[in-house]
Amino acid sequence: MSKPQKLTQLEENEVKIGLEIHIQLTALKTKLFCGCSSDYRGKEPNSLLCPVCLGLPGSLPVTNKRAIDLAIMVALALNSNISRRTLFFRKNYFYVDMPKNFQISQYDKAGGVPLSTGGWVDFESNASIKRVGIIRLQIEEDPARLAYHGTIDSSPYTLVDYNRAGIALLEIVTEPDIDSADEARLFLQKLRSIIEHLGVSNGDLQGSMRCDANISLKGGKRVEIKNISSFREVKRALQYEIIRQKQLIRRGSTVKQETRHWDEDRRITISLRTKETESDYRYFPEPDLVPIEISKTWIEKIQSKMPELPDARKTRLVKEFDIPEYDAGVLTSSKALADFFEECCKLYPDAKKISNWMMTDLARNLKELGIEISESKIKPKYLSDMLKLIDKGEISGKIAKKVLSQIVGTGDPPQKIIIKENLTKISDKTRIQKIIDKVFEEFPKAVQDTKTDPNAINYLVGQVMSKTRGKADPEITNKLIRKKLAKYKTI
Ligand code: ZN
Ligand code: MN
């Protein structure tokens, strides 16, 4: 038994995390090796099938060229070295999610050459630039989707939907350069932003971006967490696993090498099996597919059509809209966020005001609902209309906060919310004067206090505001109260 260690001795920098990310190429219409539709979500289970993706004897796969195009694009964006000749390998395993009993994948040993090797992703972490290395990028087919009754370890049966079998996947493997759960989240956010700017995959689709994580703490073995179904869950899974391993090490027990499953509902990891070794997969070249020669011209052709990537967009936003670099960094952390910002800028002239509202109130509202901007019902027009209403004096900034949270919640335009909730600012002097008169009658002591305490006026303003539910124009209210007090003083 190893010597027990104190928790404090295990700082975050002794945590090593490497990620294996699977990204479905949702921009493709068909599967990787056959003509079946790749649009399987919401479809009748086991309805999008053919002999190829079912692995029936005699069927032959044909590589979808467009999948290679998209993979080259990603490799270029990740600064990865593209192999001039790449080939497919069979990864053999016997399991219900794989109708052929092998997955057509790629390999980096035994003569295997993945699509690309090396590369990196830079992102902001703790106000500095962090670089995570990429080991390799490969193309493979997605296995079938398994559904359990209840939880994976107690389900009496498993349901299989082969519609997902054969969907084109990119597998990206990182170096174990990540130091914490937070950093893993930031890395994945940046990677997702890059992928979405390239237009190869839509991260909003359930299961389109999945992640396995290798995590080891000093003094323990490497544990692999499988089946983290969305990038959002990665931080939670890693946080749980870091604490579990720390506690084991602290108690003097050992962390054994194994594969664990992230149970999203119970928010724990559970042991699945002790890790199989690579040789268990008996990798060998796929004899039914020819190697792919990737010419310089092919790469150059794709390079010339590369869309703008998040880093370049960040620089452009600073220049074009004169917003701080920090704002541009937050906005380009997601393509949907940056798109929303630029749409708003077409409709409203003050970019900094737009960015302020997006980074504070809009971000908070989305967080409270646990959704991303692309999932919310707010439209760029609604935010810009709301800002125009503030400028015109129809609503106060305080009321606008209420309006915005309603827009995000209901998807109604601001004008409709203001009428429905009766939120228009009261600028009518006669109306405000009447309310002030009432307040003066009700709170004579506060009126008296203003003679000795100049701050007492705020109390009177506050009373007018509370009687109008924050709708009285604060400037007019202030002016009228001072006018009335001045009269009192001369009496
Ligand atoms: Zn098929
Ligand atoms: Mn894989």
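Biologist: Which residues does N214 touch, not counting residues up to four places away in sequence?

Modeller: K16, I17, G18, R222, V223 and E224; contact means heavy atoms within 4.5 Å. This is a predicted model, where local features need pLDDT of at least 70, side-chain atom pairs count only at pLDDT 80 or more, and totals for chains, interfaces and linings use all residues. Residues are numbered from 1 along each chain as its sequence is written, chains are lettered from A and ligands numbered from 1 in the order in which they are written, and side-chain values use heavy atoms, with hydrogens and water left out.

Biologist: Is N214 buried or exposed?

Modeller: N214 is buried, at 15% relative accessible area. Buried means under 20%, exposed over 50%, and partly exposed in between, with a 1.4 Å probe and protein chains only.

Biologist: Where do E140 and E171 lie?

Modeller: E140 is in strand β8 (residues 128-141) and E171 in strand β11 (residues 168-174), so the pair ties together parts 31 residues apart in sequence. Strands (E, at least two residues) and helices (H or I, at least four) are DSSP runs, numbered from the N terminus.

Biologist: How accessible is E140?

Modeller: E140 has 3% relative accessibility and counts as buried. E171 is buried too, at 4%.
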